[in-house]
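Subject: A structure for you to look at

Hello,

Here is the structure I promised to pass on to you. Please open it beside this email and follow along as you read.

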Amino acid sequence: MVWVAAIVMLHMVACCLGEREEFAFRTVTIHRRSNALDLETLAIDIRKSLNETVHAAQDGSWLMEEGRRALASFEQGKVLHNISIKLGGLSPAVFLTSHDRKYIVKSIDDNEAKVLDMLWPKLKDHMQTHGSESLLPRYPTGVIQGSSPGPIKAWSIFRNVNAYEVTTGRPAPKEKVSVLDTKGRSQLGQGYIGGKVGRPGFYDVQDNLELTQALANNGDVMTVVNRDMEFLESVSSEMTFVDFSLLTIKQPKDELSSGTPGLAFDNTGLLFVSPVSDFAYSAAFIDLLSLMDNKQTENTGARHPAQDIFWQRNRKALEFHHPLGRYTFYPEAMRDMFAMLADPQFAEAVQDEKDPEFTERGSVSKGREDLIAMRLLGTAVARHGNTLGDPPTVSEDPQIQFARGLYNMCLDDCDCKIADKAFKPVPTALREWLNHLRQFEFCKKNKDLARLTKMKSIGPMTDISGNDLKHEANDMEQTLADMKFVRKCEPLTTFQHQKQFFNGYCPFPANLVNKFPSFDTGNCDGQVVFENETSVATLRNIYNDKIQSNPVFIDDLIRLRKNTLGHFESRGQQLELSAYAQFPRLYNMWKWPEDADGDYSVGVLFAPNLGYNMLHHLGIDATAPDKMLKNMVGGITYLAWFLHPLTLSAQNMKDGGGEDYELNNWEDPAKVKMYIRRIETEKLMMGASLENVNVNFQRTKASSGKIMTRPKEQMTGTEMRQKSGKKYYSTIMDFENSDLQLLKHVRTKVIQAFESLHGLALPEDCPSGRTTQTGQDAILLYFHFPYALNTNTVHLHARMNQGIHPFEAQYSVFLDDIINHLEHHENIYGLIMNRMRQGQDATSRSPFAQGFGCIGKHLAELFENEPFKWNEKGLGVTFVNRWKAADPSKPGWNVTEVVPHYCPPGDCGKKCLQCDALTNKHPEWGTDDEHEFFRDLMM
């Protein structure tokens, strides 16, 4: 409550004084005169404290001289100015400067006041001895007790380290002066040293690394830094000063009073005036008034004046998989950071890390940030080893979490090649810990997995270290052998010499089997009946006129809300964006026409269908030289969404959407990573725990979080066409002769992507296309029709070595058939009517189909329920022959004659899915047992 009250009081101050908000820093500039903050009384309080300090100081002491300088700056009659309120960070504060800008006045809370009371007596003694050469802040007096009746009761004053402002007496203009605030290990991955797009970091802000070179050539600098940090460590053996910063300022040297070239200490910190360029650099440590209790072991329990928040943040290292705490050994960590900043060889290595694809303002270079993290974390590990089990981190499983931290620091590389880039040479103690990392089980299993990816079948799996394999692996082999030789379900069997619509490991993953509970009856749920081609055209118009374009989960993948409040839009968004961030090569965005130069008519998003394959299996297979996944049970499944330019530019809302978004254009994984990190950081700040997007998350939770509703403010397909002049592809009924080249282009791109990612090798006579290498792989390219409300928006199903369920085939229209039809017709209305009236025989392009149906309750929402009820609208199209297990009066659509077209006669018979039931007895691809097995193998 005290914390909330403090923020409220600062807001009151801002409101009383009149405010101008600067969003980048949450800083509110205010006028001088106010009833809430009496600046004249505050100036009197400052002079009173300074006079008392000078009166008590010894003649000729550092304190007396510093106190007199400060009194001159706070001379009576001179006003305080440059007033601002900073609402960000841990401590909201009011900032002012003396009239000459040589001193800063800062409000402090009760906790900071106690820290300053403890620090200042020792700090003035340190300055007495080393004040001419120190980077620590200069406090000319201790805590200043305010006598004003306003909400702020305590203040501190200290030297301004901005040489430009001190010399000129003017505020530093951003176009002339660059200010960098660095905290080393506590800011990993945030670009403060490595830089961000639009904001250079420590190395890039320099002119030819001149400050780094000067620091490297002056041995006294590290002596001073070491001495300052040792002093902070000596103030309290049981508490650590944390969260303070190194402030580095670049300014034009011709504005400074001292233009003597070279590096020196100037009684406020460090000053380097370049002998070559037009710049000077000043540096000093700031913000010393925060403590962490080194003995703390529980969430609440910090000994005053240390704060619980620092212990809580320090322990977040366990959730971020770091090998030591964020604030552990903080003064030492700042010393290590300074040594890194003074290393020209490392600086050049950082600058050599180029990430040209990161163009969005504010994005960081992952290569640079990983290198900096390795240097800072690796230095601490070399010195201290594993400290995670000790206070203030107190991990319950320090050995495993330390190994995980090393593994993460090494970028999931058990050989840790990045260490050789970060160190020249790698410290011996660190090398020993990295060698120790290889002994952990997950590194051993990764070696096994690397061997596994080089194999082309399940058979050789027994060659892998037997102790690491579960007994399910042997069961899998035996069961597959039984299927092959006893059941005669050959792998990738071609049925009746047609295209491979039957996968010999049995046609489909278990989750697709369970989708059709009425299969054993020979009846399915629902049939779509059209009267004529006019009714097809009518239904096409209804989809475009009445349904709000794409499902909202598509919007969630494109529009990244800036104000996330620590939450993803849905579990589906969390899964898909995490998948893209981790394995971006699995995702492709194809614009059409190819040469549109920005003015494209449709963007096709090709992405894995994560309801059928495990993400890590796809990612590993995509990078492996020998492809294994295509030979596994259940094959490989992707989707290709046909997305309108207004959807991809977040302009598909009638009112603009009412939110502030960034756009995911599927070409910048770094932006998505930053979005995810922002949400995770906000969750941690709120005290919530993170949920890892792993195999278990994908299998059990993500699909239930997909939001299929469509906001009313979202445009319909017709409205989007009217606004943009470009067609919205709601269903396949929107395909016309003018789309022929688009469809051929997509077919070619899908085949090329499958070949590149997963080694697709098609037979020479495959009607869909050619691959570089010929083989016996199968590819199915088809659309569902008609769409239910939750899936409306054209999306192509692309499946490799995966059979199609007999019932699914009844509402699937194959891409090859559409292309062939449009070669000679203006639209596909005739294709739809011919199939509905007389069925579709099996050909080399598509399987047998009796008509359109088997879609069940999802399509019924449009035809039978409010607000649509299309069955009652006289559209010339109806949805009939429903099936219900509990209601014999609804027997469903009889498709008994379909089954023999998919099941080899005499082997599986009518119930051809019994093969699939058999595979479910062992760790089949897609079952919980199989997922568990492969997850353990990849840990």
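Is Cys854 buried or exposed? With a relative accessible area of 5%, Cys854 is buried, because anything under 20% counts as buried. Before you go further, please keep in mind that this is a predicted model.

**The disulfides**

The link of Cys524 and Cys854 is left-handed, with -75° about the S-S bond. The pair ties together distant parts of the chain, 330 residues apart: Cys524 sits in strand β15 (residues 523-524), while Cys854 is in the loop between α28 (829-838) and α29. Cys524 is buried too, at a relative accessible area of 1%.

How many disulfides are there in the count? The count comes to two. Cys410 and Cys416 form a disulfide as well, and their sulfur atoms are 2.1 Å apart. The torsion about the S-S bond of Cys410 and Cys416 is about -80°, so this disulfide is left-handed. Cys410 is buried at 1% relative accessibility, and Cys416 is buried at 0%.

**Backbone details**

You will find Cys416 in the loop between α12 (398-409) and α13 (418-422).

Thr793 also has a positive phi, about 125°, although it is not a glycine. Thr793 belongs to the loop between β22 (779-784) and β23 (795-800), and its relative accessible area of 0% makes it buried. Asn792 is found in the loop between β22 and β23, and this residue counts as buried at 0% relative accessibility. Which residues does Asn792 touch, leaving aside its neighbours within four places in sequence? Its contacts include Tyr543, Asn550, Arg710, Ser730 and Tyr787.

Now for the cis peptide bonds. One runs from Trp592 to Pro593, with omega near -5°; Pro593 is placed in the loop between β18 (588-592) and β19 (602-608). Another joins Glu866 and Pro867, where omega is about 5°. Pro867 lies in the loop between α29 (857-863) and β25 (877-880).

**A sheet and its helices**

Finally, have a look at an open sheet of five strands, with antiparallel pairing, in the order β8-β10-β13-β12-β11. At the edges are β8 (178-182) and β11 (262-265), each of which pairs on one side only. From one strand to the next, the twist averages 15°.

For Leu180, the bridge partner in β10 is Thr248. Helix α9 (residues 330-341) packs on the sheet and touches β8, β10 and β13. The direction of α9 makes about 30° with that of β10. Helix α7 (residues 219-235) lies across β11, β12 (270-273) and β13 (279-286), and runs at about 25° to β11.

Happy exploring, and do write back with any questions!

Best wishes

Methods:
Residues are numbered from 1 along each chain as its sequence is written. This is a predicted model: local features need pLDDT of at least 70, side-chain atom pairs count only at pLDDT 80 or more; totals for chains, interfaces and linings use all residues. Side-chain values use heavy atoms; hydrogens and water are left out. Helices (H or I, at least four residues) and strands (E, at least two) are DSSP runs, numbered from the N terminus. Buried means under 20% relative accessible area, exposed over 50%, partly exposed in between (1.4 Å probe, protein chains only). Contact means heavy atoms within 4.5 Å. Two strands pair if DSSP finds at least two bridges between them. Axes are lines fitted to C-alpha atoms, for helices over the stretch in contact, and angles run from 0 to 180 degrees between N-to-C directions. A disulfide is a pair of cysteine sulfur atoms within 2.5 Å.
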